[in-house]
Amino acid sequence: CLLGQNTFVLEKSESCCFKYRVSLAVGTKTGYRLFSVTSVDKLDCIHESTETPDVYIVERLFSSSLVVVVSQSVPRRMNVYHFKKGTEICNYSYSNNILAVRLNRQRLVVCLEESIYIHNIKDMKLLKTLLNTPSNPSGLCALSINHSNSFLAYPGSDTIGEIIVYDANNLSTVTMIPAHDSPLAAITFSASGTKLASASERGTVIRVFSIPEGLRLFEFRRGMKRYVNISSLSFSPDAQFLCASSNTETVHIFKLEHGEEEAPSWSAYVGKMFTAASSYLPAQVSGMMSQDRAFATVRLQMTGQKNVCALAIIQKLPRLLVASSDGQLFIYNIDPQDGGECTLVQKHRLFGSDKDLEETEKSELPEPPQACQSYAATVAIPTSGPVTATLTGYSEDGGAKKGEVIPEHEFAAGPVCLDDETEFPPVSIR
């Protein structure tokens with residue numbers, strides 16, 4: 001983001017099978033704020049810092065107290081904080097401006113324009129430097145949030161849409177995916193790290209690939225009338241849906257499923273004939289036949305604003321969250337059965353005065369009718385009790401800053417816990 005704009009990061013817990021939390025990190029000219037989104041009507045600001053101005057990168061490790069901050073005033077330096085204790089864990093400086101930071105419970109990745117640095121998140125030791133990567137001025141990269149499958153994806157070319165998939169745990173290249181004809185604009189992993197979605201600068205086609213094989217699973221058409229700049233892609237927790245936002249007023253939600261058997265009809269017969277014939281046609285032609293349009297859509301109230309989107313489960317219902325650069329968070333209801341136009345249920349202010357934050361802006365639209373809750377049972381996610389086993393990770397004394405080093409080969413058996421008492425969500429091992 002440019003100076004004066006704001007950066008937004010919507011994060012989700014690493015597995016949809018457990019208690020689910022949504023976090024929102026906001027970087028501004030005066031510092032950064034961390035929010036917890038536990039209900040539609042309430043937005044909790046759990047931390048605010050004004051010590052570092054002009055924050056353009058802020059990444060939080062899920063719902064823990066570890067947060068990574070990069071400021072426009074020192075764009076080559078990354079600071080890692082334990083914000084609950086108000087202490088700095090460490091800081092690193094790099095040869096060029098930091099364009100992106102990605103982290104999971106095993107790795108911390110720093111992306112520069114022509115190089116990528118991979119750190120061990122337990123002690124912040126630099127494990128690997130990928131030098132002379134293709135020019136990547138936007139810092140486009142993705143890291144799987146599943147620490148057991150710490151796959152890293154980044155552009156393999158600056159002229160066409162090649163994706164390099166790298167194993168950040170074993171520090172080796174997995175595969176190269178020829179995803180698009182034009183350069184990449186967005187990439188993201190599913191929560192399990194087994195799917196990867198991508199879009200090119202043209203913004204007309206979104207593709208989903210299997211990981212680590214790199215096989216194309218789905219292809220969705222966002223539109224053909226005009227090229228758009230897709231700003232974000234995000235899977236739902238169960239990887240059944242994929243949302244895409246751009247510089248237009250529409251957010252698209254696609255359903256990742258293969259067509260079910262339909263009752264015999266002329267249209268069904270013709271469709272099957274086209275499917276059968278596609279195997280004999282050139283790849284570009286057969287690809288056009290396999291493309292599906294959006295399952296659900298959202299018409300945003302603003303235009304021309306940079307935004308990011310995410311799919312989440314809030315109060316046991318599927319929601320679409322859209323954060324815009326003018327400081328608003330929009331929450332929409334999604335019907336997972338019928339799709340269609342999503343309903344705006346709430347919007348919140350993300351920065352401003354404390355009074356503005358406390359007074360959330362109600363939507364002008366009426367509350368959704370009771371009938372809209374009929375599908376609640378289909379999206380309810382059971383909660384689980386707290387983990388009783390002791391988990392490895394950062395100590396309350398500050399981890400690497402105090403000299404505590406966990407061996408590189410000792411991968412965490414479970415999620416890293418920062419010993420934040422009730423702040424860290426309970427997670428059960430699969």
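Trainee: How many residues lie between β3 and β4 in the hairpin that they form?

Mentor: This is a predicted model, in which local features need pLDDT of at least 70, side-chain atom pairs count only at pLDDT 80 or more, and totals for chains, interfaces and linings use all residues. Residues are numbered from 1 along each chain as its sequence is written, and side-chain values use heavy atoms, without hydrogens and water. Strands are DSSP runs of E with at least two residues, numbered from the N terminus. Between β3 and β4, the hairpin has 6 residues.

Trainee: How many bridges join strand β3 to strand β4?

Mentor: Two strands pair if DSSP finds at least two bridges between them. Strand β3 (residues 31-37) and strand β4 (residues 44-49) run antiparallel, and Ser 36 stands opposite Asp 44 in β4. The number of bridges joining β3 to β4 is 5.

Trainee: Which cysteine sulfur is nearest to that of Cys 243, and how far away is it?

Mentor: A disulfide is a pair of cysteine sulfur atoms within 2.5 Å. A search of the whole structure finds 0 disulfides. Cys 243 is accordingly in no disulfide, and the nearest cysteine sulfur is that of Cys 309, at 3.3 Å.

Trainee: Is Cys 243 buried or exposed?

Mentor: Buried means under 20% relative accessible area, exposed over 50%, and partly exposed in between (1.4 Å probe, protein chains only). Cys 45, at 36% relative accessibility, therefore counts as partly exposed. Because its relative accessibility is 0%, Cys 243 counts as buried.

Trainee: What distance separates the C-alpha atoms of Leu 311 and Cys 243?

Mentor: Leu 311 is found in strand β25 (residues 307-314) and counts as buried because its relative accessibility is 3%. Leu 311 and Cys 243 are 68 residues apart along the chain, and their C-alpha atoms are separated by 7.1 Å.

Terms used. Helices (H or I, at least four residues) and strands (E, at least two) are DSSP runs, numbered from the N terminus.
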